[in-house]
Amino acid sequence: DGGPAGQGVPGQPCQTHSASRHREGRYLGAGWYALGAVGVLRWIDFRSLAHSLLAMVPLVIGFVMMTGCLGWLGIPFNPANMIVLPLILGIGVDHGVHLVHLLRQQRGRFVLDDATTVAVLLTANTTTASFGALILAKHQGLQSLGQALTLGVTTCLAASIVFFPALLTWLTQNSPAEVEDVREPAPTPTKHDMAFPPGTPHPVQPTQPHTPTTRTPPTRDICP
């Protein structure tokens, strides 16, 4: 099946290599499309370019940590796990969106409450458990996909719970605290006020007629 020299080497290996390069390019294009779609949706939600970019911070930190862990563990990117790029973009940005919404609701210095922490931990753990099951597959491509997704979701979670709240606290350390509205307690209504709801005119109590009283002068004892 060989051809003349200078015309390339045909056959199954070349087709496989060409198909792999083609898939890698498509996965990278899908990642850029996903990044653009996520950016548009965040701007529609926040209506603020600053908050939209701020919500991307946990994703960027988590993605950098993921690539470092993959290189440290010797797990290269391949046509099987390249699909992790658009998936991590959609999964990792959720935590930043929740925390920025919490930031917009608070006044003063940022404080990470328990409800948001539990919600972020639960969603990340369920996603990690579902994709982590792919590590048990016998196919090496599925194994590398499960490893990359598990590392990506875990690093994005660490960035969202550890680094991003510290950054928000530092950014809002000089923000004015919310002034509490201190008011005097309302007077306790009496039985007479409870019998007549607000807005109802109270009946005029009848007055007793005034009767003049006569004072008799004191009697003096006349001594004989």
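This is a predicted model: local features need pLDDT of at least 70, side-chain atom pairs count only at pLDDT 80 or more; totals for chains, interfaces and linings use all residues.
Q: Is Ser-52 buried or exposed, and what is its relative accessible area?
A: A residue is buried when its relative accessible area is under 20%. Ser-52 is therefore buried, its relative accessible area being 3%.

Q: Which residues is Ser-52 in contact with, leaving aside its neighbours within four places in sequence?
A: One polar atom of the Ser-52 side chain lies 2.7 Å from the backbone oxygen of Ser-48, but Ser-48 is a neighbour within four places and is left aside here. The contacts that remain are Arg-42, Trp-43 and Phe-46.

Q: How far apart are the end C-alpha atoms of helix H3?
A: Helix H3 covers residues 57-73, which is 17 residues. At 1.5 Å a residue, H3 should therefore span 24 Å. The end C-alpha atoms agree with this, at a separation of 24 Å.

Q: What arc around the axis do the buried residues of H3 cover?
A: The buried residues of H3 are Pro-58, Leu-59, Gly-62, Met-66 and Leu-70. They lie on the same side of H3, because the arc they cover is only 95 degrees.

Q: Which helices do the buried residues of H3 pack against?
A: The face turned away from the buried side of H3 carries the exposed residues Val-64, Gly-71 and Trp-72. The buried residues, in turn, pack against H2, helix H4 (84-105) and helix H6 (140-171).

Methods: Residues are numbered from 1 along each chain as its sequence is written. Side-chain values use heavy atoms; hydrogens and water are left out. Buried means under 20% relative accessible area, exposed over 50%, partly exposed in between (1.4 Å probe, protein chains only). A polar contact is a pair of N or O atoms within 3.5 Å; within protein, one must be able to donate a hydrogen and the other to accept it, and residues adjacent in sequence count only if both atoms are side-chain atoms. Contact means heavy atoms within 4.5 Å. Helices (H or I, at least four residues) and strands (E, at least two) are DSSP runs, numbered from the N terminus. The expected span of a helix is 1.5 Å times one less than its number of residues. The arc is that of the directions from the helix axis to the C-beta atoms.
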